[in-house]
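Biologist: Can you walk me through this model? I'd like the contacts between its parts.
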Amino acid sequence: MIATKIPNGPIQEKWTQYKATSKLINPANRRKYKVIVVGTGLAGSSCAASLSELGFQVDVFTFHESPRRAHSVAAQGGINAAKDYKNDGDSIWRMFYDTVKGGDFRSREANVYRMAECSLALIDQAVAQGVPFAREYSGYLSNRSFGGVQVSRTFYARGQTGQQLLQGAYQALIRQSAVGNVSLHTRYEMMDLVVVENKAKGIVARNLDTGEISIQEADAVVLATGGYGKIYYLSTLAMNCNASAIWRAHKRGAHFAAPSWTQFHPTSLPQMGDYQSKLTLMSESLRNDGRIWVPKKEHDPRAPKDIPEEERDYYLERKYPSYGNLAPRDISSRAAKEQIDSNHGVGPMKNAVYLDFKDAIARDGKAAIEKRYGNLFDMYKKITGMNAYEQPMLISPAAHFSMGGLWVDYELMSNVQGLFVLGEANFADHGANRLGANSLLQACVDGYFISTHTIMNYLAGETPNVKIDQAIVSNLKKETENRLAKLLAIKGNKTAEEFHKELGILLYTKCGLIREKPILLEAKSQILALQKSFYKDLLVPEGQQINFELEKAARVEDYLELALLIVEDALQREESCGAHFRKEYQTTEGEAKRNDEEYQYVSVWESIEKNVFKLHKEQLEFEYIKVSERSYK
Amino acid sequence: MKLTLQVWRQASAKAKGGFEKYALEGLDENMSVPEMLDFLNEKLIKEGKDPVAFESDCREGICGQCGIAINGHVQSPEKRATTCQTHLRSFRDGDEIHLEPFRAAAFPIKKDLCIDRTALDRIISKGGFIGVNTGQAPEANSILIGHETAEAAFDAAACIGCGACVAVCKNASAALFTGAKISHLSMLPQGKLESKTRVQQMVAQMDEEGFGSCTFTGACEKVCPQGISVAHIVTMNREFWKS
Ligand SMILES: Cc1cc2nc3c(=O)[nH]c(=O)nc-3n(C[C@H](O)[C@H](O)[C@H](O)COP(=O)(O)OP(=O)(O)OC[C@H]3O[C@@H](n4cnc5c(N)ncnc54)[C@H](O)[C@@H]3O)c2cc1C
Ligand code: FES
């Protein structure tokens, strides 16, 4: 049985109740406790700063050169909060409802409600830190609307919302490193988790400049290490995003939930060549004015301007007349993939669809479109060299967000005691599909408001500063040293990058937007073969000090194991829900068909040994929201 | 596409560095500069040679990690672009291109194209923040900020912390970086209270780290990928004299 520790009582009072009854530590005693925080994105920075403000000792680790470079920095669109500043009928309740529905009824009600509830204070906090959100001329905060909802609850700072929120959190963190109890360890990678008697007691860390491996001890460990969408190689994530911290924790006993639920963003730029290393996201807001289409004819070689109106298929408008080009992400992405797969794809690699502003420009004028999207059109030009005022943009779905992650209970604690997992690294609030602008929020509230209380509650029951047995310490250190030495010693002929690319293509084509049993089985055996080849053919250049190839190789090694679990998870779930679409389970109209009777649970995986997984189930109860079919027709 | 690269190679902080030449063929004009370096590195690794150490992360111009000098242009020969936003179509087939790390006493070279910019974090640590703890914030709309002020604050806060302003400056001054943060925070009502100590401490830290002083050449504004204006240096100086 999985214990979620959801407090009793009405959903509106659960969090208040929790806070009122959770255990506290006297301010003078807090400094005796040390917490390790891995990751300095929104979740990690905010948690570390807040814990230090409370008086705890906090050791922060990130592989980045500066905490400010964490991938939260790249989020563009905005952050949701149920402030109801627009008087358009928004409320905590409505946000809760939208999120549960958006997640296709595969998230935990109590967690989602709490996220919506904490959203109000988060905006207050960010403003107080100096985050320059967009304002009306009157000086009040401005909002816009985002996909999948009918109210305007998104706060934004031009197209750089993540950057601005991260600056707020980073500055709070840096302030604590100067005047508080934070000690910062940049260019350190967490290589393993230290677990003593099912309690997280520290991490194995590698100094990436010197290569030195050390054991870092603490009374609790927080992983805020972000998403692993980069496993698909081509993704909207930064080059160094990885799964290693959570995967290593998983191998030490922490359960992994819904690993295969990955969101593919519908408006990314397509791959243009084999050399390509990442895909850039174009803001979803473009779908407000751009119309998405493909040629009706298969393999149509004509330039878009030569294709007459009646030979274009505006497939989203055709299939979803009421939401049209603004259909939710999972649906839009899948529809694009279907067009590409059925030979209607466009662009040099025939892997894209058109996003066309011709009609919007004719209707509102070029100046109006430039005012709305000028910076995005410029960015498009910078990357592709093409002018979107004159020809339609090329867009394509790309791996973007991990709904899956380490399983956590209501306290954001994994089944390993004292291991807290925050932000995109955990599985909690987004179910099988995340709504736009909800993940910056989740990362922030996890860090600023939730973990601070739940970590204190945990620490209150722990004796501080218990030293780990020296024998365990030296064994753990050796284990990691040996692991890296082994990778260096293979001396094959294939780089880590090549393995990663191969794995990415395999996963994208066989366990991506559309999944199917025989293909998944194929993927499984191919991943196993790739794993074998990795240990035989890997080539890593010499050197323990600054050696980016060695870092990469260790991450790819972990990806190869996680990939197998992803496929296992996709195979096991014989239904379609949110981003997980099994070809065998669709309605007559080709939409995702859930099977609530048999699959209304979160799949929670345990690794028994390498490549052998055991399934546990967290049954989902919907007490407050009526489970229904998610329709956007 | 063919290019000849002259890449700065330096084994470690203390080692002596120099340019090394690599002739590359089969490049694609749509490759970004880091993708070209990936291409070079794959080749070097296969040849049993040490790959070029360089850093990049977001590869979309926002994390501030990737900056190097390309043919002497800090970040990029293109306007308002980072190294990762520079594509090979900016060069002609057959060109020779020099790639070297940002140079400044306060940014020691660690290896090849990698530098240490933690001095910038230390400047921020001396007051580049508003001293609000979690939980203390008043209701967001109780702090009114005019549209223009919010936009101007954003312009200053858009800094990606890449250090290009320092690298291009003949004095290796961090005035634009520091000025932008001081200006961002002192412009906002919630940041005014700490203005005095902020500017004094941050300016002192700038000196401590070995950054030079600003002689107002304006070179920094020209290479800033976010187009941050030198007007923020004026604001900083004004705040400094006020304090
Ligand atoms: C292009 C893009 C645009 C987006 N736009 C939006 C948006 O508009 N709205 C929205 O709500 N969401 C958006 N998202 C999603 C959102 O940005 C992320 O989900 C969120 O920022 C994740 O924050 P985090 O703190 O969990 O992780 P991150 O910010 O990814 O931070 C992870 C941290 O962990 C560290 N780390 C990882 N592994 C290790 C290790 N082994 N050792 C040491 N350190 C480690 C990293 O160095 C980093 O500091 C976007 C995502 C992308 C990719
Ligand atoms: S890699 Fe992030 S700015 Fe270039």
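This is a predicted model: local features need pLDDT of at least 70, side-chain atom pairs count only at pLDDT 80 or more; totals for chains, interfaces and linings use all residues.
Biologist: Which residues of chain A does the UniProt annotation "domain: FAD-dependent oxidoreductase 2 FAD-binding" cover?
Modeller: The annotation, from an unreviewed entry, covers residues 35–440 of chain A. UniProt positions are in the numbering used here, feature names are shortened, and annotations may be inferred rather than shown by experiment.
Biologist: How much helix and strand is in residues 35–440?
Modeller: That stretch of chain A is 30% helix and 21% strand. Its end C-alpha atoms are 23 Å apart. Helices (H or I, at least four residues) and strands (E, at least two) are DSSP runs, numbered from the N terminus.
Biologist: OK, the two chains. How many residues does the contact take from chain A and chain B?
Modeller: 71 residues from chain A and 74 residues from chain B. Contact means heavy atoms within 4.5 Å.
Biologist: And what area do they bury?
Modeller: Chain A and chain B bury about 6,100 Å² between them. Carbon and sulfur atoms carry 51% of it. Buried area is the accessible area (1.4 Å probe) that two parts lose on being put together, summed over both.
Biologist: How many salt bridges between chain A and chain B?
Modeller: Eight. A salt bridge is a side-chain nitrogen of Lys or Arg within 4 Å of a carboxyl oxygen of Asp or Glu. Over all chains, the whole structure has 72 salt bridges.
Biologist: Which element gives the largest share of chain A's side?
Modeller: Helix 6 of chain A, with nine residues. By class, the side of chain A that touches chain B has 27 nonpolar, 25 polar and 19 charged residues. Ala, Val, Leu, Ile, Met, Phe, Trp, Tyr, Cys and Pro count as nonpolar, Asp, Glu, Lys and Arg as charged, and the others, Gly among them, as polar.
Biologist: Now inside chain A. Which domains does the assignment give?
Modeller: Domain 1 (264–399) and domain 2 (470–619). Domain bounds come from an automatic or database domain assignment. The domain centres, taken over C-alpha atoms, are separated by 31 Å. The contact takes twelve residues from domain 1 of chain A and ten residues from domain 2 of chain A.
Biologist: What do they bury?
Modeller: Domain 1 and domain 2 of chain A bury about 1,000 Å², 60% of it on carbon and sulfur atoms. On the domain 1 side, F264(A), R334(A) and K337(A) lose the most area, together 57% of what that side buries.
Biologist: Polar contacts or salt bridges there?
Modeller: Four residue pairs are in polar contact between these domains of chain A, both at pLDDT 80 or more. There are zero salt bridges. Helix 9 (residues 329–344) gives six residues, the largest share of the domain 1 side.
Biologist: And chain B's domains?
Modeller: Domain 1 is 3–111 and domain 2 is 118–131 + 145–242. Their C-alpha centres lie 28 Å apart. The buried area between these domains of chain B is about 1,200 Å², with 65% from carbon and sulfur atoms. V74(B), R80(B) and F107(B) supply 41% of the area that domain 1 buries, more than any other three residues.
Biologist: Last one: where is D95(B)?
Modeller: D95(B) is in the loop between strand 4 (73–74) and strand 5 (96–100) of chain B. The D95(B) side chain reaches the backbone nitrogen of R92(B) at 2.8 Å. Leaving aside neighbours within four places in sequence, D95(B) is in contact with K2(B), L3(B) and T4(B).

Technical notes
Residues are numbered from 1 along each chain as its sequence is written. Chains are lettered from A and ligands numbered from 1 in the order in which they are written. Side-chain values use heavy atoms; hydrogens and water are left out. A polar contact is a pair of N or O atoms within 3.5 Å; within protein, one must be able to donate a hydrogen and the other to accept it, and residues adjacent in sequence count only if both atoms are side-chain atoms.
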